[in-house]
Amino acid sequence: MEEGVDGAEGGVLAVLLAAAAAELLLRHCVRRFGGVTGDVFGALTETAATTALVVAALA
């Protein structure tokens with residue numbers, strides 16, 4: 001039996017978890033700040049990219 005996931009499944013998992021992490025951060029910022037700014041969008045981008053890269057490396 002093979003361990004881990006193949007390339008396509010790993011990519012899908014990375015994208016889904018990256019979107020989930022960005023969504024959680026967005027909800028937190030909206031609740032905390034009452035809205036979003038360009039800095040929040042930048043943080044969302046960096047969070048999603050970092051999450052996707054980490055998941056892809058571990059998958």
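Student: In which helix of this predicted model is the place of Thr51?

Tutor: The model is a predicted one, and its helices are numbered from the N terminus. Residues 38-58 form one of these helices, and the place of Thr51 falls in this run, which is helix α2.

Student: Which residues is Thr51 in contact with, once its neighbours within four places in sequence are left aside?

Tutor: Contact here means heavy atoms within 4.5 Å. Besides such contacts, a polar atom of the Thr51 side chain lies 2.8 Å from the backbone oxygen of Thr47. With neighbours within four places in sequence left aside, the residues in contact with Thr51 are Leu17, Ala18 and Ala21.

Student: Which residues of α1 are buried, and what does their cover include?

Tutor: A residue counts as buried when its relative accessible area is under 20%. In α1 this holds for Gly10, Ala14, Ala18, Ala22 and Cys29. What covers these buried residues of α1 includes α2.

Student: How far does α1 reach from its first C-alpha to its last, and what reach is expected?

Tutor: Helix α1 covers residues 7-33, and it has 27 residues. At 1.5 Å a residue, the expected reach is 39 Å, and the value in the model is close to this, at 38 Å.

Student: Are Arg27 and Glu23 buried, partly exposed or exposed?

Tutor: Exposed means over 50% relative accessible area and buried means under 20%, with partly exposed in between. Arg27 has 53% relative accessibility, so Arg27 counts as exposed. Glu23 has 35%, so Glu23 counts as partly exposed.

Student: Which residues make the nonpolar surface patch of about 250 Å²?

Tutor: A residue needs over 30% relative accessible area to belong to a patch. Val30, which lies in helix α1, has 39% relative accessibility and therefore counts as partly exposed. The residues that make the nonpolar patch of about 250 Å² are Val30, Val36 and Phe41.

Student: Where is the place of Gly35, and which residues does Gly35 touch beyond those up to four places away in sequence?

Tutor: Just after α1, Gly34 takes a positive phi of about 80°, and the place of Gly35 is in the loop between α1 and α2. Gly35 has a relative accessible area of 25%, so this glycine is partly exposed. Not counting residues up to four places away in sequence, those that Gly35 touches are Cys29 and Val30.

Student: How many Å apart in space are Asp39 and Gly7, C-alpha to C-alpha?

Tutor: Asp39 is found in helix α2, and at 69% relative accessibility Asp39 counts as exposed. In sequence, Asp39 and Gly7 are 32 residues apart, and in space their C-alpha atoms are apart by 33 Å.

Note on methods: Residues are numbered from 1 along each chain as its sequence is written. This is a predicted model: local features need pLDDT of at least 70, side-chain atom pairs count only at pLDDT 80 or more; totals for chains, interfaces and linings use all residues. Side-chain values use heavy atoms; hydrogens and water are left out. Helices (H or I, at least four residues) and strands (E, at least two) are DSSP runs, numbered from the N terminus. A polar contact is a pair of N or O atoms within 3.5 Å; within protein, one must be able to donate a hydrogen and the other to accept it, and residues adjacent in sequence count only if both atoms are side-chain atoms. Patches are made of residues with over 30% relative accessible area and no salt bridge: like charges are joined within 9 Å, nonpolar side chains (Val, Leu, Ile, Met, Phe, Trp, Tyr) within 5 Å. Accessible areas come from the Shrake-Rupley method with a 1.4 Å probe; for residues, only the protein chains shown count as cover. A salt bridge is a side-chain nitrogen of Lys or Arg within 4 Å of a carboxyl oxygen of Asp or Glu. Buried means under 20% relative accessible area, exposed over 50%, partly exposed in between (1.4 Å probe, protein chains only). The expected span of a helix is 1.5 Å times one less than its number of residues.
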